[in-house]
Amino acid sequence: MSIWENKRKEKLAEYIAISFLVSLFIIAVSLWPALGGRLSESDVKGIWSLVSNIVIIITVILAYLGYKVLFKAVLVDRPNVYTYITISALALLIFLIVSNTGGAASPSKILFLLPIIINAGQHGRFFGLGLTAFISGVLVYIDLTGVEGVRINQALEGDLVLISIMFLCGWLFGGLADVEKDIRKELSILASCDELTGLFNHRAFQERLELELQAAHAAVGSLGLVMLDIDYFKYYNDTFGHQYGDDVLIQMGRIIGERLPESAVAARYGGDEFAIILRGATEAEVLELAENIKSGIEDYSFYGGNVLPKRRISISAGVALFPTHASTKEELIRLADHALYRAKNLNRDKVEVYFSVLDELGRMVSESERGDLTSLKNLVRIINAKDRYTFGHSERTVIYAVAVAKRLGWRHEEIDVLKYGAFLHDIGKIEIDPSILNKTSSLTETEYTIIKQHPVWGSEMVLPIQSLNPGYCIIRGHHENYDGTGYPDGIKGTEIPEGARILRIVDSFDAMTSHRTYRDALSREAALEELTRGIGTSYDPELVPIFIQLAEKNRWGRN
(Lines give C-alpha, C1' and ligand atoms only; values in the text may rest on other atoms or scores of the structure.)
Protein backbone atom coordinates (compact mmCIF):
# COMPACT_ATOMS: atom_id res chain seq x y z
CA MET A 1 0.00 0.00 0.00
CA SER A 2 1.45 3.38 -1.04
CA ILE A 3 2.15 6.23 1.36
CA TRP A 4 -0.52 8.48 -0.15
CA GLU A 5 -3.04 5.63 0.08
CA ASN A 6 -2.34 5.28 3.79
CA LYS A 7 -2.89 9.00 4.30
CA ARG A 8 -6.15 8.83 2.37
CA LYS A 9 -7.42 5.92 4.47
CA GLU A 10 -6.53 7.69 7.70
CA LYS A 11 -8.45 10.77 6.58
CA LEU A 12 -11.40 8.66 5.49
CA ALA A 13 -11.33 6.80 8.81
CA GLU A 14 -11.59 10.09 10.65
CA TYR A 15 -14.65 11.13 8.61
CA ILE A 16 -16.33 7.77 9.20
CA ALA A 17 -15.65 7.84 12.93
CA ILE A 18 -17.03 11.37 13.23
CA SER A 19 -20.11 10.28 11.27
CA PHE A 20 -20.73 7.57 13.85
CA LEU A 21 -20.40 10.13 16.64
CA VAL A 22 -22.93 12.36 14.91
CA SER A 23 -25.20 9.35 14.62
CA LEU A 24 -24.95 8.82 18.38
CA PHE A 25 -25.78 12.48 18.93
CA ILE A 26 -28.87 12.24 16.69
CA ILE A 27 -29.93 9.09 18.51
CA ALA A 28 -29.53 10.84 21.87
CA VAL A 29 -31.62 13.78 20.62
CA SER A 30 -34.30 11.32 19.48
CA LEU A 31 -34.27 9.53 22.82
CA TRP A 32 -34.29 12.63 25.02
CA PRO A 33 -37.90 13.80 24.42
CA ALA A 34 -39.29 10.41 25.42
CA LEU A 35 -37.10 10.30 28.50
CA GLY A 36 -37.75 13.95 29.26
CA GLY A 37 -41.49 13.43 28.90
CA ARG A 38 -41.50 10.88 31.65
CA LEU A 39 -39.37 13.05 33.89
CA SER A 40 -41.64 16.05 33.56
CA GLU A 41 -44.48 14.14 35.17
CA SER A 42 -42.32 12.99 38.09
CA ASP A 43 -42.18 14.62 41.46
CA VAL A 44 -38.49 13.89 41.83
CA LYS A 45 -37.08 16.06 39.07
CA GLY A 46 -33.91 16.76 41.00
CA ILE A 47 -33.01 13.08 41.33
CA TRP A 48 -33.78 12.37 37.65
CA SER A 49 -31.75 15.41 36.59
CA LEU A 50 -28.73 14.04 38.48
CA VAL A 51 -29.17 10.62 36.91
CA SER A 52 -29.54 12.09 33.43
CA ASN A 53 -26.34 14.14 33.87
CA ILE A 54 -24.45 10.98 34.86
CA VAL A 55 -25.85 9.22 31.81
CA ILE A 56 -24.70 12.09 29.58
CA ILE A 57 -21.17 11.96 31.05
CA ILE A 58 -20.95 8.18 30.55
CA THR A 59 -22.28 8.57 27.00
CA VAL A 60 -19.60 11.15 26.17
CA ILE A 61 -16.86 8.87 27.54
CA LEU A 62 -18.20 5.88 25.60
CA ALA A 63 -18.49 8.01 22.48
CA TYR A 64 -14.84 9.08 22.77
CA LEU A 65 -13.73 5.48 23.28
CA GLY A 66 -15.92 4.43 20.38
CA TYR A 67 -14.27 7.09 18.20
CA LYS A 68 -10.83 5.66 19.00
CA VAL A 69 -11.95 2.12 18.21
CA LEU A 70 -13.70 3.17 15.02
CA PHE A 71 -10.72 5.19 13.84
CA LYS A 72 -8.64 1.99 13.89
CA ALA A 73 -11.47 -0.27 12.76
CA VAL A 74 -12.23 1.34 9.41
CA LEU A 75 -8.68 1.65 8.11
CA VAL A 76 -9.33 -1.21 5.64
CA ASP A 77 -11.64 -1.24 2.62
CA ARG A 78 -13.34 -4.54 3.43
CA PRO A 79 -15.52 -5.09 6.53
CA ASN A 80 -13.88 -6.67 9.55
CA VAL A 81 -14.97 -7.89 12.98
CA TYR A 82 -14.92 -4.34 14.40
CA THR A 83 -17.21 -3.18 11.61
CA TYR A 84 -19.81 -5.86 12.37
CA ILE A 85 -19.64 -5.22 16.13
CA THR A 86 -20.07 -1.48 15.64
CA ILE A 87 -22.98 -1.83 13.22
CA SER A 88 -24.70 -4.39 15.44
CA ALA A 89 -24.37 -2.13 18.48
CA LEU A 90 -25.69 0.86 16.55
CA ALA A 91 -28.62 -1.09 15.08
CA LEU A 92 -29.45 -2.50 18.54
CA LEU A 93 -29.44 0.97 20.04
CA ILE A 94 -31.78 2.24 17.30
CA PHE A 95 -34.00 -0.83 17.80
CA LEU A 96 -34.30 -0.04 21.52
CA ILE A 97 -35.14 3.58 20.77
CA VAL A 98 -37.83 2.55 18.27
CA SER A 99 -39.25 -0.02 20.68
CA ASN A 100 -39.45 2.54 23.48
CA THR A 101 -40.79 5.42 21.41
CA GLY A 102 -43.81 3.87 19.80
CA GLY A 103 -42.66 0.63 18.17
CA ALA A 104 -44.26 0.26 14.75
CA ALA A 105 -45.61 3.80 15.01
CA SER A 106 -42.28 5.33 16.09
CA PRO A 107 -40.94 8.21 13.96
CA SER A 108 -37.43 7.20 15.05
CA LYS A 109 -37.30 4.33 12.50
CA ILE A 110 -35.75 6.79 10.05
CA LEU A 111 -32.58 6.48 12.15
CA PHE A 112 -31.96 3.08 10.53
CA LEU A 113 -30.74 5.01 7.46
CA LEU A 114 -27.64 6.14 9.36
CA PRO A 115 -25.74 2.81 9.52
CA ILE A 116 -26.80 2.02 5.94
CA ILE A 117 -25.47 5.27 4.46
CA ILE A 118 -22.25 5.26 6.49
CA ASN A 119 -21.30 1.64 5.87
CA ALA A 120 -22.42 1.46 2.24
CA GLY A 121 -20.26 4.51 1.57
CA GLN A 122 -17.31 2.83 3.27
CA HIS A 123 -17.60 -0.80 2.16
CA GLY A 124 -19.47 -0.75 -1.13
CA ARG A 125 -22.77 -1.76 -2.72
CA PHE A 126 -22.79 -5.46 -1.81
CA PHE A 127 -22.24 -4.74 1.87
CA GLY A 128 -24.74 -1.81 1.79
CA LEU A 129 -27.52 -3.92 0.28
CA GLY A 130 -26.82 -6.78 2.68
CA LEU A 131 -27.05 -4.44 5.66
CA THR A 132 -30.26 -2.94 4.23
CA ALA A 133 -31.81 -6.40 3.95
CA PHE A 134 -30.93 -7.12 7.58
CA ILE A 135 -32.36 -3.83 8.86
CA SER A 136 -35.48 -4.31 6.71
CA GLY A 137 -35.98 -7.61 8.51
CA VAL A 138 -35.71 -5.76 11.84
CA LEU A 139 -38.34 -3.25 10.69
CA VAL A 140 -40.69 -6.03 9.59
CA TYR A 141 -40.22 -7.69 12.99
CA ILE A 142 -41.14 -4.44 14.74
CA ASP A 143 -44.20 -4.07 12.53
CA LEU A 144 -45.30 -7.66 13.12
CA THR A 145 -45.07 -7.24 16.89
CA GLY A 146 -47.32 -4.21 16.49
CA VAL A 147 -48.57 -1.73 19.04
CA GLU A 148 -52.01 -1.15 20.44
CA GLY A 149 -54.17 0.83 18.03
CA VAL A 150 -51.98 0.19 14.96
CA ARG A 151 -52.87 -2.58 12.50
CA ILE A 152 -50.05 -4.76 11.14
CA ASN A 153 -50.88 -4.10 7.50
CA GLN A 154 -50.94 -0.35 8.15
CA ALA A 155 -47.51 -0.54 9.78
CA LEU A 156 -46.10 -2.61 6.90
CA GLU A 157 -47.59 -0.30 4.28
CA GLY A 158 -46.14 2.68 6.05
CA ASP A 159 -42.67 1.13 6.18
CA LEU A 160 -42.58 0.04 2.51
CA VAL A 161 -41.55 3.55 1.51
CA LEU A 162 -38.85 3.65 4.21
CA ILE A 163 -37.52 0.22 3.19
CA SER A 164 -37.46 1.32 -0.46
CA ILE A 165 -35.52 4.44 0.49
CA MET A 166 -33.07 2.35 2.53
CA PHE A 167 -32.46 -0.01 -0.40
CA LEU A 168 -31.99 2.97 -2.68
CA CYS A 169 -29.49 4.52 -0.27
CA GLY A 170 -27.64 1.22 0.15
CA TRP A 171 -27.46 0.77 -3.61
CA LEU A 172 -26.61 4.39 -4.42
CA PHE A 173 -24.02 5.13 -1.75
CA GLY A 174 -22.52 1.65 -2.08
CA GLY A 175 -22.38 1.96 -5.87
CA LEU A 176 -20.71 5.35 -5.64
CA ALA A 177 -18.17 3.90 -3.21
CA ASP A 178 -17.45 1.02 -5.63
CA VAL A 179 -17.00 3.45 -8.51
CA GLU A 180 -14.65 5.56 -6.41
CA LYS A 181 -12.62 2.48 -5.49
CA ASP A 182 -12.41 1.37 -9.12
CA ILE A 183 -11.35 4.82 -10.25
CA ARG A 184 -8.84 5.05 -7.42
CA LYS A 185 -7.43 1.66 -8.39
CA GLU A 186 -7.13 2.70 -12.03
CA LEU A 187 -5.52 6.01 -11.12
CA SER A 188 -3.12 4.17 -8.84
CA ILE A 189 -2.12 1.93 -11.74
CA LEU A 190 -1.67 4.91 -14.05
CA ALA A 191 0.33 6.78 -11.43
CA SER A 192 2.60 3.84 -10.57
CA CYS A 193 3.13 2.04 -13.90
CA ASP A 194 5.39 2.91 -16.79
CA GLU A 195 3.13 3.21 -19.84
CA LEU A 196 5.68 1.72 -22.24
CA THR A 197 6.89 -1.36 -20.35
CA GLY A 198 4.05 -2.01 -17.88
CA LEU A 199 6.55 -2.12 -15.01
CA PHE A 200 6.59 0.24 -12.03
CA ASN A 201 7.75 3.76 -12.82
CA HIS A 202 10.46 5.68 -11.00
CA ARG A 203 8.17 7.23 -8.39
CA ALA A 204 6.49 3.92 -7.57
CA PHE A 205 9.89 2.24 -7.38
CA GLN A 206 11.09 4.74 -4.79
CA GLU A 207 7.96 4.23 -2.66
CA ARG A 208 8.10 0.44 -2.96
CA LEU A 209 11.79 0.31 -2.08
CA GLU A 210 11.13 2.46 1.00
CA LEU A 211 8.34 0.11 2.14
CA GLU A 212 10.37 -3.04 1.42
CA LEU A 213 13.32 -1.68 3.39
CA GLN A 214 11.06 -0.87 6.33
CA ALA A 215 9.75 -4.45 6.24
CA ALA A 216 13.29 -5.85 5.98
CA HIS A 217 14.35 -3.71 8.95
CA ALA A 218 11.42 -4.92 11.04
CA ALA A 219 11.95 -8.58 10.14
CA VAL A 220 15.76 -8.36 10.36
CA GLY A 221 15.78 -9.68 6.80
CA SER A 222 17.67 -9.00 3.60
CA LEU A 223 16.89 -7.14 0.40
CA GLY A 224 18.61 -7.23 -2.97
CA LEU A 225 18.64 -4.43 -5.54
CA VAL A 226 19.63 -4.92 -9.19
CA MET A 227 20.20 -1.97 -11.51
CA LEU A 228 20.12 -2.89 -15.24
CA ASP A 229 21.21 -0.75 -18.16
CA ILE A 230 21.01 -1.47 -21.91
CA ASP A 231 24.46 -1.36 -23.51
CA TYR A 232 24.97 1.06 -26.43
CA PHE A 233 21.28 2.02 -26.37
CA LYS A 234 21.95 5.60 -27.48
CA TYR A 235 23.82 4.28 -30.52
CA TYR A 236 20.88 1.97 -31.29
CA ASN A 237 18.38 4.84 -30.99
CA ASP A 238 20.49 7.11 -33.18
CA THR A 239 20.80 4.35 -35.82
CA PHE A 240 17.22 3.05 -36.03
CA GLY A 241 15.15 5.80 -34.41
CA HIS A 242 13.15 6.04 -31.21
CA GLN A 243 10.27 3.86 -32.40
CA TYR A 244 12.55 0.83 -32.65
CA GLY A 245 14.15 1.92 -29.37
CA ASP A 246 10.70 1.85 -27.73
CA ASP A 247 10.17 -1.67 -29.10
CA VAL A 248 13.41 -2.75 -27.40
CA LEU A 249 12.23 -1.25 -24.11
CA ILE A 250 8.86 -3.01 -24.41
CA GLN A 251 10.52 -6.38 -24.97
CA MET A 252 12.95 -5.69 -22.12
CA GLY A 253 10.02 -5.08 -19.78
CA ARG A 254 8.37 -8.32 -20.93
CA ILE A 255 11.53 -10.42 -20.54
CA ILE A 256 12.23 -9.00 -17.08
CA GLY A 257 8.61 -9.47 -15.97
CA GLU A 258 8.49 -13.10 -17.14
CA ARG A 259 11.57 -14.01 -15.11
CA LEU A 260 10.65 -12.36 -11.83
CA PRO A 261 9.90 -14.58 -8.83
CA GLU A 262 6.93 -13.71 -6.61
CA SER A 263 9.24 -12.06 -4.10
CA ALA A 264 10.52 -9.53 -6.65
CA VAL A 265 9.21 -6.36 -8.30
CA ALA A 266 10.68 -4.54 -11.28
CA ALA A 267 10.59 -0.93 -12.42
CA ARG A 268 11.74 1.20 -15.28
CA TYR A 269 14.12 3.44 -13.39
CA GLY A 270 14.55 5.90 -16.23
CA GLY A 271 15.49 5.96 -19.92
CA ASP A 272 17.14 2.62 -20.69
CA GLU A 273 17.70 1.72 -17.04
CA PHE A 274 15.66 -0.80 -15.03
CA ALA A 275 15.62 -1.74 -11.34
CA ILE A 276 14.62 -4.94 -9.55
CA ILE A 277 13.86 -5.34 -5.83
CA LEU A 278 14.21 -8.86 -4.45
CA ARG A 279 12.93 -9.56 -0.91
CA GLY A 280 14.71 -11.93 1.48
CA ALA A 281 17.38 -12.92 -1.03
CA THR A 282 21.00 -13.90 -0.63
CA GLU A 283 23.74 -12.54 -2.85
CA ALA A 284 23.77 -15.79 -4.84
CA GLU A 285 20.00 -15.61 -5.44
CA VAL A 286 20.16 -12.00 -6.61
CA LEU A 287 23.04 -12.82 -8.95
CA GLU A 288 21.16 -15.83 -10.31
CA LEU A 289 18.15 -13.64 -11.11
CA ALA A 290 20.31 -11.00 -12.81
CA GLU A 291 22.14 -13.63 -14.88
CA ASN A 292 18.82 -15.27 -15.82
CA ILE A 293 17.45 -11.98 -17.13
CA LYS A 294 20.73 -11.29 -18.94
CA SER A 295 20.53 -14.71 -20.62
CA GLY A 296 16.92 -14.12 -21.65
CA ILE A 297 17.89 -10.85 -23.33
CA GLU A 298 20.85 -12.51 -25.06
CA ASP A 299 18.58 -15.24 -26.45
CA TYR A 300 16.00 -12.81 -27.84
CA SER A 301 16.49 -11.64 -31.43
CA PHE A 302 16.11 -7.84 -31.34
CA TYR A 303 15.82 -6.00 -34.63
CA GLY A 304 19.16 -4.48 -35.68
CA GLY A 305 21.14 -5.92 -32.78
CA ASN A 306 23.86 -7.11 -35.14
CA VAL A 307 25.05 -3.55 -35.79
CA LEU A 308 26.07 -3.05 -32.15
CA PRO A 309 29.63 -3.72 -30.93
CA LYS A 310 28.52 -6.98 -29.24
CA ARG A 311 26.56 -8.01 -32.38
CA ARG A 312 23.44 -8.20 -30.22
CA ILE A 313 21.46 -6.27 -27.61
CA SER A 314 23.09 -6.78 -24.19
CA ILE A 315 22.76 -5.39 -20.68
CA SER A 316 25.06 -4.52 -17.81
CA ALA A 317 23.89 -4.96 -14.22
CA GLY A 318 24.96 -3.84 -10.77
CA VAL A 319 23.93 -5.56 -7.54
CA ALA A 320 23.87 -4.31 -3.95
CA LEU A 321 22.28 -5.82 -0.84
CA PHE A 322 20.74 -4.65 2.42
CA PRO A 323 22.13 -4.89 5.07
CA THR A 324 25.38 -6.38 3.67
CA HIS A 325 26.38 -3.29 1.70
CA ALA A 326 23.97 -0.53 2.69
CA SER A 327 21.63 0.45 5.51
CA THR A 328 19.50 3.16 3.83
CA LYS A 329 17.54 3.48 0.61
CA GLU A 330 19.76 6.20 -0.79
CA GLU A 331 22.94 4.27 -0.03
CA LEU A 332 21.55 1.04 -1.51
CA ILE A 333 20.67 2.78 -4.79
CA ARG A 334 24.04 4.54 -4.89
CA LEU A 335 26.00 1.33 -4.37
CA ALA A 336 23.96 -0.65 -6.90
CA ASP A 337 24.57 2.19 -9.36
CA HIS A 338 28.26 2.08 -8.40
CA ALA A 339 28.36 -1.64 -9.31
CA LEU A 340 26.50 -0.95 -12.57
CA TYR A 341 28.98 1.78 -13.48
CA ARG A 342 31.84 -0.63 -12.92
CA ALA A 343 30.14 -3.30 -15.05
CA LYS A 344 29.69 -0.84 -17.92
CA ASN A 345 33.30 0.27 -17.68
CA LEU A 346 34.59 -3.33 -17.76
CA ASN A 347 33.61 -3.79 -21.40
CA ARG A 348 29.87 -4.02 -20.58
CA ASP A 349 27.68 -7.15 -20.84
CA LYS A 350 28.45 -8.06 -17.20
CA VAL A 351 26.77 -8.47 -13.82
CA GLU A 352 28.81 -6.94 -11.00
CA VAL A 353 28.23 -7.06 -7.24
CA TYR A 354 29.17 -3.95 -5.29
CA PHE A 355 32.72 -4.10 -4.00
CA SER A 356 34.91 -1.42 -2.49
CA VAL A 357 38.60 -1.71 -1.84
CA LEU A 358 38.27 0.71 1.06
CA ASP A 359 35.46 -1.32 2.64
CA GLU A 360 37.67 -4.40 2.47
CA LEU A 361 40.54 -2.40 3.96
CA GLY A 362 38.27 -1.31 6.82
CA ARG A 363 38.19 -4.90 8.03
CA MET A 364 41.99 -5.01 8.18
CA VAL A 365 43.02 -1.78 9.88
CA SER A 366 43.34 -1.47 13.63
CA GLU A 367 40.76 0.33 15.76
CA SER A 368 43.08 3.30 16.26
CA GLU A 369 43.41 3.74 12.47
CA ARG A 370 39.71 3.74 11.66
CA GLY A 371 39.44 7.50 12.06
CA ASP A 372 42.23 8.07 9.54
CA LEU A 373 40.65 5.57 7.16
CA THR A 374 37.30 7.34 7.41
CA SER A 375 39.01 10.61 6.51
CA LEU A 376 40.65 8.86 3.56
CA LYS A 377 37.26 7.54 2.39
CA ASN A 378 35.82 11.04 2.55
CA LEU A 379 38.71 12.33 0.46
CA VAL A 380 38.06 9.63 -2.14
CA ARG A 381 34.37 10.64 -2.30
CA ILE A 382 35.33 14.28 -2.74
CA ILE A 383 37.73 13.62 -5.59
CA ASN A 384 35.21 11.32 -7.26
CA ALA A 385 32.74 14.18 -7.15
CA LYS A 386 35.36 16.56 -8.57
CA ASP A 387 36.39 14.21 -11.37
CA ARG A 388 34.07 11.34 -12.37
CA TYR A 389 36.82 9.91 -14.58
CA THR A 390 39.06 9.34 -11.53
CA PHE A 391 36.37 7.19 -9.89
CA GLY A 392 35.99 4.72 -12.76
CA HIS A 393 39.69 4.90 -13.55
CA SER A 394 40.72 3.80 -10.03
CA GLU A 395 38.31 0.86 -10.13
CA ARG A 396 39.66 -0.37 -13.46
CA THR A 397 43.33 0.03 -12.61
CA VAL A 398 42.80 -2.20 -9.55
CA ILE A 399 41.35 -4.94 -11.76
CA TYR A 400 44.10 -4.66 -14.38
CA ALA A 401 46.94 -4.46 -11.85
CA VAL A 402 45.72 -7.41 -9.78
CA ALA A 403 45.41 -9.56 -12.93
CA VAL A 404 49.04 -8.80 -13.86
CA ALA A 405 50.26 -9.53 -10.32
CA LYS A 406 48.44 -12.87 -10.28
CA ARG A 407 50.03 -13.81 -13.62
CA LEU A 408 53.42 -13.02 -12.07
CA GLY A 409 52.64 -15.29 -9.12
CA TRP A 410 52.58 -12.65 -6.40
CA ARG A 411 51.58 -13.67 -2.90
CA HIS A 412 48.15 -12.71 -1.54
CA GLU A 413 49.63 -10.14 0.86
CA GLU A 414 51.60 -8.47 -1.95
CA ILE A 415 48.51 -8.33 -4.16
CA ASP A 416 46.57 -6.62 -1.35
CA VAL A 417 49.23 -3.90 -1.12
CA LEU A 418 49.10 -3.40 -4.91
CA LYS A 419 45.30 -3.32 -4.79
CA TYR A 420 45.17 -0.52 -2.23
CA GLY A 421 47.96 1.41 -3.93
CA ALA A 422 46.21 1.19 -7.31
CA PHE A 423 42.89 2.33 -5.86
CA LEU A 424 44.43 5.30 -4.06
CA HIS A 425 47.11 6.24 -6.58
CA ASP A 426 45.32 9.45 -7.66
CA ILE A 427 44.15 10.56 -4.22
CA GLY A 428 46.70 13.39 -4.26
CA LYS A 429 44.57 15.11 -6.90
CA ILE A 430 42.36 16.31 -4.05
CA GLU A 431 44.88 19.15 -3.73
CA ILE A 432 44.47 20.19 -7.38
CA ASP A 433 41.88 22.69 -8.56
CA PRO A 434 39.10 21.10 -10.68
CA SER A 435 39.69 23.70 -13.39
CA ILE A 436 43.16 22.21 -13.93
CA LEU A 437 41.99 18.59 -13.72
CA ASN A 438 39.23 19.15 -16.29
CA LYS A 439 41.02 21.65 -18.53
CA THR A 440 40.34 21.02 -22.24
CA SER A 441 43.33 22.96 -23.59
CA SER A 442 47.06 22.39 -23.01
CA LEU A 443 48.39 22.87 -19.46
CA THR A 444 50.72 25.75 -18.72
CA GLU A 445 54.14 25.00 -17.24
CA THR A 446 52.92 26.06 -13.79
CA GLU A 447 49.81 23.86 -14.05
CA TYR A 448 51.87 20.87 -15.18
CA THR A 449 54.19 21.37 -12.20
CA ILE A 450 51.17 21.22 -9.90
CA ILE A 451 49.90 18.05 -11.61
CA LYS A 452 53.30 16.36 -11.11
CA GLN A 453 53.01 16.82 -7.35
CA HIS A 454 49.94 14.59 -6.93
CA PRO A 455 51.99 11.34 -6.46
CA VAL A 456 53.86 13.04 -3.59
CA TRP A 457 50.73 14.39 -1.95
CA GLY A 458 48.91 11.08 -2.35
CA SER A 459 51.72 8.99 -0.84
CA GLU A 460 51.96 11.33 2.15
CA MET A 461 48.22 10.99 2.79
CA VAL A 462 48.47 7.24 3.42
CA LEU A 463 51.42 7.45 5.83
CA PRO A 464 49.28 7.91 9.00
CA ILE A 465 47.62 4.53 8.31
CA GLN A 466 50.15 1.84 9.13
CA SER A 467 48.29 -0.82 7.14
CA LEU A 468 48.75 1.32 4.00
CA ASN A 469 52.42 2.16 4.52
CA PRO A 470 53.60 -0.59 2.13
CA GLY A 471 51.63 1.13 -0.64
CA TYR A 472 53.53 4.41 -0.17
CA CYS A 473 56.18 3.58 -2.81
CA ILE A 474 53.57 2.36 -5.32
CA ILE A 475 51.57 5.59 -5.08
CA ARG A 476 54.66 7.81 -5.17
CA GLY A 477 56.26 5.97 -8.09
CA HIS A 478 53.32 5.34 -10.45
CA HIS A 479 54.47 8.13 -12.83
CA GLU A 480 58.15 7.13 -12.92
CA ASN A 481 59.39 6.09 -16.38
CA TYR A 482 61.56 3.04 -16.98
CA ASP A 483 64.32 5.22 -18.50
CA GLY A 484 64.35 7.67 -15.56
CA THR A 485 62.50 10.55 -17.28
CA GLY A 486 59.41 10.34 -15.07
CA TYR A 487 58.41 12.15 -11.89
CA PRO A 488 58.60 12.96 -8.99
CA ASP A 489 62.00 11.36 -8.21
CA GLY A 490 63.40 10.46 -11.66
CA ILE A 491 64.35 6.90 -10.66
CA LYS A 492 64.65 4.24 -13.38
CA GLY A 493 64.61 0.50 -14.13
CA THR A 494 64.39 -1.82 -11.18
CA GLU A 495 64.88 1.12 -8.83
CA ILE A 496 61.18 1.65 -9.40
CA PRO A 497 59.14 -0.81 -7.25
CA GLU A 498 57.58 -3.54 -9.39
CA GLY A 499 54.10 -2.55 -8.17
CA ALA A 500 54.69 1.01 -9.40
CA ARG A 501 55.93 -0.32 -12.77
CA ILE A 502 52.75 -2.38 -13.13
CA LEU A 503 50.63 0.60 -12.17
CA ARG A 504 52.48 2.79 -14.70
CA ILE A 505 51.34 0.44 -17.51
CA VAL A 506 47.73 -0.10 -16.44
CA ASP A 507 47.30 3.58 -15.56
CA SER A 508 48.42 4.64 -19.02
CA PHE A 509 46.30 2.02 -20.79
CA ASP A 510 43.12 3.03 -18.97
CA ALA A 511 43.82 6.73 -19.52
CA MET A 512 44.26 6.10 -23.27
CA THR A 513 41.06 4.02 -23.59
CA SER A 514 38.90 6.47 -21.59
CA HIS A 515 37.19 9.53 -22.99
CA ARG A 516 38.56 12.76 -21.56
CA THR A 517 37.43 16.35 -21.95
CA TYR A 518 40.51 17.16 -24.04
CA ARG A 519 40.56 14.07 -26.37
CA ASP A 520 38.59 11.06 -27.53
CA ALA A 521 39.29 7.53 -26.27
CA LEU A 522 41.61 5.20 -28.20
CA SER A 523 40.60 1.70 -29.19
CA ARG A 524 42.15 -1.30 -27.44
CA GLU A 525 44.43 -2.00 -30.39
CA ALA A 526 45.62 1.60 -30.64
CA ALA A 527 46.32 1.79 -26.90
CA LEU A 528 48.29 -1.48 -26.93
CA GLU A 529 50.35 -0.17 -29.86
CA GLU A 530 51.17 2.94 -27.79
CA LEU A 531 52.30 0.73 -24.90
CA THR A 532 54.48 -1.28 -27.26
CA ARG A 533 56.12 1.90 -28.56
CA GLY A 534 56.85 2.91 -24.99
CA ILE A 535 58.71 -0.29 -24.04
CA GLY A 536 62.10 0.53 -22.52
CA THR A 537 61.36 4.24 -22.24
CA SER A 538 58.13 4.63 -20.26
CA TYR A 539 57.33 0.97 -19.51
CA ASP A 540 59.02 -2.18 -18.23
CA PRO A 541 59.96 -4.41 -21.24
CA GLU A 542 59.05 -7.61 -19.34
CA LEU A 543 55.69 -6.46 -18.02
CA VAL A 544 54.18 -4.92 -21.16
CA PRO A 545 53.87 -8.26 -23.10
CA ILE A 546 52.14 -9.85 -20.09
CA PHE A 547 49.65 -7.01 -19.89
CA ILE A 548 48.98 -7.12 -23.65
CA GLN A 549 48.14 -10.83 -23.42
CA LEU A 550 45.71 -10.21 -20.56
CA ALA A 551 44.10 -7.18 -22.23
CA GLU A 552 43.45 -9.10 -25.45
CA LYS A 553 42.20 -12.20 -23.63
CA ASN A 554 39.82 -10.26 -21.35
CA ARG A 555 38.94 -7.66 -24.03
CA TRP A 556 39.79 -4.75 -21.76
CA GLY A 557 39.24 -1.24 -23.04
CA ARG A 558 37.26 -0.28 -26.12
CA ASN A 559 36.92 -2.35 -29.29
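**Notebook: loops, sheet and helix packing**

I looked up P488 and found it in the loop between helix 19 (472–476) and helix 20 (498–512), where helices are DSSP runs of H or I with at least four residues, strands are E runs of at least two, and both are numbered from the N terminus. The model is predicted, so I note that local features need pLDDT of at least 70 and side-chain atom pairs count only at pLDDT 80 or more, while totals for chains, interfaces and linings use all residues. Residues are numbered from 1 along each chain as its sequence is written, and side-chain values use heavy atoms, with hydrogens and water left out.

**Backbone entries**

I checked the bond that joins Y487 and P488 and found a cis peptide bond with omega about 15 degrees. The peptide bond from F322 to P323 is also cis, with omega near 0 degrees, and P323 lies in the loop between strand 4 and helix 11 (329–345). In the loop between helix 7 (202–219) and strand 1 I found V220, which has a positive phi of about 55 degrees although it is not a glycine. I keep in mind that most residues other than glycine have a negative phi, and most peptide bonds are trans.

I traced an open sheet of 5 strands in the order 2-3-1-4-5, with mixed pairing; two strands pair if DSSP finds at least two bridges between them. Its edge strands, each pairing on one side only, are strand 2 (264–270) and strand 5 (351–353). Strand 2 and strand 3 (residues 273–279) pair in the antiparallel sense over 6 bridges, and the bridge partner of G270 in strand 3 is E273.

**Helix entries**

I then compared helix 9 (residues 242–258) with helix 10 (residues 283–299), whose axes come within 9 Å and cross at roughly 135 degrees; axes are lines fitted to C-alpha atoms, for helices over the stretch in contact, and angles run from 0 to 180 degrees between N-to-C directions. That makes helix 9 oblique to helix 10, since angles under 35 degrees count as roughly parallel, over 145 as roughly antiparallel, 65 to 115 as roughly perpendicular and the rest as oblique. The contact (heavy atoms within 4.5 Å) is made by M252, I255 and I256 of helix 9 and I293, G296 and I297 of helix 10.

**Confidence entry**

The mean pLDDT (the predictor's confidence in each residue, from 0 to 100) of the chain is 79, and 72% of its residues reach 70 or more. Over residues 33–53 the pLDDT is below 50.
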